[in-house]
Amino acid sequence: MASLISTVTLSNILLVVLLFSSAANAQLSANFYANSCPNLQTIVRNAMTRAVNRETRIGASILRLFFHDCFVNGCDASILLDDTATFTGEKNAAPNRNSARGFEVIDTIKTNVEAACNATVSCADILALAARDGVVLLGGPSWQVPLGRRDARTASQSAANSQIPSPFANLPALISSFSAKGLNARDLTALSGGHTIGLARCTTFRGRIYNDTNIDANFAANRRANCPASGGDNNLAPLDIQTPGTFDNNYYRNLVAQRGLLHSDQELFNGGSTDALVRTYSNNPATFSADFTAAMVRMGNISPLTGTSGEIRRNCRVLN
């Protein structure tokens with residue numbers, strides 16, 4: 001009898017745990033604002049269309065903002081908070097200082113959303129939608145964005161410095177960084193394909209073009225022309241030398257040809273465990289698109305604030 005009671009009790013506990021787990025996962029939903037802000041996705045898409053038409057690069061910048069947001073204490077819009085006399089945010093952390101951009105676009109979207117649905121939609125969800133739309137507007141795949149995140153009341157410059165993967169990292173370090181966020185090596189390889197769009201600063205790839213040996217000689221010479229051994233830190237180069245303004249699978253073709261711009265890029269194809277997947281993506285854009293969209297959803301699910309946690313910021317730059 002005692003054994004039976006113990007078994008029943010254990011079963012009940014497991015059931016409760018499973019129910020709570022399911023509830024937590026179900027709190028994000030693509031239809032979260034269907035009634036409270038039915039035109040949300042149109043508002044975001046229209047603003048992103050105008051922004052990308054003004055500057056193609058902004059699609060990549062917004063995608064990077066979302067990535068850097070999610071990797072620091074979850075997808076909670078903490079990266080959008082400005083520093084103040086009494087508050088230190090993430091914008092001046094090493095991975096973001098002088099490189100994170102697109103904040104004004106998010107401000108514009110937030111203003112438009114507030115006009116339609118006051119105090120309803122989080123900055124975290126706006127950023128998630130804007131990242132998706134930037135990819136689509138540059139020719140990439142679309143996906144349903146789970147919604148219902150709330151905005152953080154805090155930020156962590158130290159976490160941004162330590163948890164955002166480095167452009168100088170080797171493959172084991174990259175796999176470890178992603179694993180710490182619940183993402184696997186396939187997610188790492190697929191999400192790195194976001195580097196099919198956008199630009200990088202000389203300071204992030206100088207070591208690669210002057211010191212690495214697993215690099216195409218002509219590619220290195222071309223990049224050195226605009227990135228001297230010293231100085232010119234903010235000089236820019238395309239992450240994808242072939243089609244920097246189009247979201248496609250040329251990033252992986254570059255890696256196979258040893259033309260990855262960042263050291264961390266080329267690590268994905270350097271005799272390691274991700275080589276075969278890089279080759280697959282280089283030959284099969286549909287497989288890349290499917291894996292990229294699935295990985296974006298998984299990344300967007302990193303530690304969201306839901307329910308009554310956090311807040312719905314009125315201004316994405318400051319706490320209410």
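1. The note opens with the covalent links. Cys-123 and Cys-316 are joined by a disulfide, with a distance of 2.1 Å from S to S. Since Cys-123 belongs to helix H5 and Cys-316 to the segment after H14, the pair ties together parts of the protein that are 193 residues apart in sequence. The torsion about the S-S bond of this pair is about -95°, and the disulfide is therefore left-handed. This is a predicted model, and the values quoted here and below should be read with that in mind.

2. A second disulfide joins Cys-37 to Cys-117, with 2.0 Å from S to S. This pair also links distant parts of the chain, 80 residues apart: Cys-37 sits in the loop between helix H1 (2-26) and helix H2 (40-54), while Cys-117 sits in the loop between helix H4 (103-116) and helix H5 (123-137). The link of Cys-37 and Cys-117 is right-handed, with 75° about the S-S bond. Cys-37 is buried, at a relative accessible area of 2%, and Cys-117 is buried too, at 7%.

3. A further disulfide is formed by Cys-70 and Cys-75, whose sulfur atoms lie 2.0 Å apart. The link of Cys-70 and Cys-75 is right-handed, with 120° about the S-S bond, and both of these cysteines are buried. The count for the protein comes to 4 disulfides, and, with bonded cysteines counted along the chain, they follow the pattern 1-4, 2-3, 5-8, 6-7.

4. Turning to open space, how much of it lies in the largest pocket? The volume of the largest pocket is about 1000 Å³, and its lining is made up of 44 residues, of which Arg-64, His-68, Pro-167, His-195 and Leu-262 lie nearest the centre. By class, this lining holds 26 nonpolar, 13 polar and 5 charged residues.

5. At least two lining residues each are supplied by helix H3 (58-70), helix H7 (171-179), helix H8 (185-191), strand E1 (199-201), helix H9 (202-211), helix H12 (263-266) and H14. Which of these gives the most to the lining? That element is H3, with 7 residues.

6. A search of the whole structure finds 1 cavity of 30 Å³ or more, and the largest cavity has a volume of about 50 Å³. Its lining is formed by Phe-66, Ala-128, Trp-143, Val-145, Pro-146, Arg-149, Met-296, Val-297 and Gly-300, and by class these comprise 7 nonpolar, 1 polar and 1 charged residues. The largest share of the lining of this cavity, 3 residues, comes from helix H14 (residues 285-300).

7. The largest nonpolar core has 73 residues, and those with the most contacts inside it are Leu-40, Ile-62, Phe-66, Leu-80, Ile-109, Phe-292 and Met-299. H5 gives the most to this core, with 9 residues. For Ile-62, if residues up to four places away in sequence are not counted, the residues touched are Met-48, Gly-102, Val-105, Ile-106, Leu-127, Ala-130 and Ala-131.

8. A last point concerns Gly-260, which is found in the loop between helix H11 (250-256) and H12. Leaving aside neighbours within four places in sequence, the contacts of Gly-260 are with Arg-208, Phe-219, Asn-254, Leu-255, Asp-265 and Gln-266.

Notes: Residues numbered from 1 in each chain as written. Predicted model: local features only at pLDDT ≥ 70, side-chain atom pairs only at ≥ 80, totals over all residues. Heavy atoms only, no water. 1 Å grid on protein atoms, 1.4 Å probe; cavity = no way out; pocket = protein on both sides within 12 Å on 5 of 7 lines; lining within 4 Å. Points joined across faces, edges and corners; volume = space filled by probe spheres on them. Helix = DSSP H or I, 4+ residues; strand = E, 2+ residues; numbered from the N terminus. Nonpolar A, V, L, I, M, F, W, Y, C, P; charged D, E, K, R; others polar. Disulfide = S-S within 2.5 Å. Buried < 20%, exposed > 50% of the residue type's maximum accessible area, 1.4 Å probe, protein only. Contact = heavy atoms within 4.5 Å. Core = buried A, V, L, I, M, F, W, Y, C linked by side-chain atoms within 4.5 Å.
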